[in-house]
Amino acid sequence: MKISIIVGTNADKSYNRMLAEYITSLNLADFEKVEIDLPLFGESEADGRVAEFRNKLKASDGVIVTTPEYNKAVTPALKNAFEWLDGALIMKPTAVIGTSLGIQGATRAQEDAREILLSPEVSALVFPGHEVLIGQAPQKFIDGTIDDENTRLDVVKFAESFVNFVKQYSGKD
């Protein structure tokens, strides 16, 4: 079973990239980290990067989106990536998780992402419940991994539950 993890930022240093790497390290499925390196939607034609992005998501049985919070919303890079989806997530199991520097753990960005994913244009099968809001990322991530035991347990439970959700929906192991 293949699950893509979209890193919801193009920042060089990202706690959400570390989060994606931690989920990948759990080896619960064939996880693939998908970085955002796309042209600006509406200003450019779709190119090979867009086709590769869409094809990776279409080939996946499920998708996890990691998102930081910028000004109470998803990052511009992630919003731009959502614009390029063009049907890649229709009825595909999709989960949202995120971490941020502040105490709210990307709460509003996760809600923003879920609203976009549930829109008629995207129509993803959004994973219900199991919200994991990781605030104060610098204190929780040490040397590139989750150092806080409770956060680690929350992320493991989230990942296990999502893998089971994808298995139920796709019928794959």
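Buried denotes under 20% relative accessible area, exposed over 50%, and partly exposed in between (1.4 Å probe, protein chains only). The views show a predicted model, in which local features need pLDDT of at least 70 and side-chain atom pairs count only at pLDDT 80 or more, while totals for chains, interfaces and linings use all residues. Residues are numbered from 1 along each chain as its sequence is written, and side-chain values use heavy atoms, with hydrogens and water left out.

**View 1. Salt bridge between lysine 2 and aspartate 30.** The N to O distance is 3.7 Å (a salt bridge is a side-chain nitrogen of Lys or Arg within 4 Å of a carboxyl oxygen of Asp or Glu). Lysine 2 belongs to strand E1 (residues 2-7) and aspartate 30 to strand E2 (residues 30-34), so the pair ties together parts 28 residues apart in sequence. Helices (H or I, at least four residues) and strands (E, at least two) are DSSP runs, numbered from the N terminus. Lysine 2 is partly exposed because its relative accessibility is 24%; aspartate 30, at 44%, is also partly exposed.

**View 2. Salt bridge between lysine 56 and glutamate 52 within helix H2 (residues 48-59).** The closest N and O atoms are 3.3 Å apart. The two residues are four apart, about one turn of the helix. Lysine 56 is partly exposed at 24%, as is glutamate 52 at 44%.

**View 3. Salt bridge between aspartate 86 and arginine 54.** The N to O distance is 4.0 Å. Aspartate 86 lies in the loop between H3 and E4, and arginine 54 in helix H2, 32 residues apart. Aspartate 86 is exposed at 56%, whereas arginine 54 is buried at 17%.
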